[in-house]
Amino acid sequence: MARQNFIGLVVSQGKMQKTVKVRVERKVFDKRINKELMKRKDFLVHDEGEITREGDLVRIEATRPLSKWKSFAIAEIIRNKGQQFALFESQAKDDVLKEEMQKTKEFLERREARLGHTDSQLLKDVKFLQSYFGKVNSEGGNEAQANELKQELEKIKQRYGVQEFTPNTVKQLIKLDIQGVEEDLIEQKSKIDAMQGKLNDLLQEPSKCIEYLKQRGVESPELLQKNIMKNLVRKHVLKEL
């Protein structure tokens, strides 16, 4: 006698050991309304190898009762759509991880480049002098490397017109770098103050704002709302800074 078997879709997997839920749909003719209806029933099915995934189309076959609710087993995987999706999902996770690692690497490279460019020549020279005197005081070292360091030291002497370097000389160089930073800050502060004064002057009179925006290529600024006009003025003033 042939065993009872159905074709259904795996709708749940991984919640019970060696067990999946398979949904079987079949057409049933209803005599009362004289129409075919689609009925569905869920079966708990034994999956010995746990190889099926949600979305797989499988054929299930009746077997001896394996538990109170389980009397069917997986006989054949007709279409392993769920397995293909699981494989695609794992590959997608790997691709996302690789992309994140690449973005992190690019970010670190940009950060290192930016930090490298922010150091002034004076600060680089001070760092070199500190490392140079540390290597001179320590024993050992390659002769070729020592000659290369001495050549770099001579270049620094010529750059600043210094005969001999002492700890006080290094301190003076650091002070020069600090003075340069302070001068840059003062210059930036003066620019910001000038921008703030210009911005306040423009915002006090709407006619000046309209004329200013027209000069910057904004069409019909008089039709803009007051807050939008102010934001545009701030944007163009900041660009000039």
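Lys18 counts as partly exposed because its relative accessibility is 35%, where partly exposed is the range between buried (under 20% relative accessible area) and exposed (over 50%), with a 1.4 Å probe and protein chains only. The structure is a predicted model, in which local features need pLDDT of at least 70 and side-chain atom pairs count only at pLDDT 80 or more, while totals for chains, interfaces and linings use all residues. Residues are numbered from 1 along each chain as its sequence is written, and side-chain values use heavy atoms, with hydrogens and water left out.

The chain holds six helices and five strands; both are DSSP runs numbered from the N terminus, with helices being H or I over at least four residues and strands being E over at least two. Read from the N terminus, the order of elements is β-β-β-β-β-α-α-α-α-α-α. Out of 241 residues, 21% count as buried. Among contacts in the chain with a separation of 6 or more, 50% come from residues 24 or more positions apart, a contact being heavy atoms within 4.5 Å.

The five strands close into a barrel, in the order S1-S2-S3-S5-S4 and with mixed pairing. Neighbouring strands of this sheet are turned against each other by 50 degrees on average, direction ignored; the axes behind this value are lines fitted to C-alpha atoms, for helices over the stretch in contact, and angles run from 0 to 180 degrees between N-to-C directions. Two strands pair if DSSP finds at least two bridges between them. S1 and S4 are antiparallel and joined by five bridges, with Gly8 opposite Val58 in S4. The S1 and S2 pairing is antiparallel too, again over five bridges, and here Gln13 stands opposite Val20 in S2.

S1 and S2 also form a hairpin with two residues between them. Lys18 sits in this loop, between strand S1 (5-16) and strand S2 (19-30). Its phi is positive, at about 55 degrees, although Lys18 is not a glycine. Most residues other than glycine have a negative phi.

Glu50 lies in the loop between strand S3 (35-46) and strand S4 (57-62), and it counts as partly exposed because its relative accessibility is 41%. Thr52 belongs to the loop between S3 and S4 as well, but Thr52 counts as buried because its relative accessibility is 0%. The side chain of Thr52 makes a polar contact with the side chain of Asp47 at 2.8 Å. Such a contact is a pair of N or O atoms within 3.5 Å; within protein, one must be able to donate a hydrogen and the other to accept it, and residues adjacent in sequence count only if both atoms are side-chain atoms.

As for the helices, H6 (residues 226-240) has 15 residues and reaches 22 Å from its first C-alpha to its last, close to the 21 Å expected; that expected span is 1.5 Å times one less than the number of residues. Met229, Val233, His236 and Val237 are buried in H6. Seen down the axis, the buried residues of H6 fall within an arc of 100 degrees, so they line one face of the helix, the arc being that of the directions from the helix axis to the C-beta atoms. On the other side of H6, Leu238 and Lys239 are exposed. An α-helix has 3.6 residues a turn, so residues three or four places apart point the same way.
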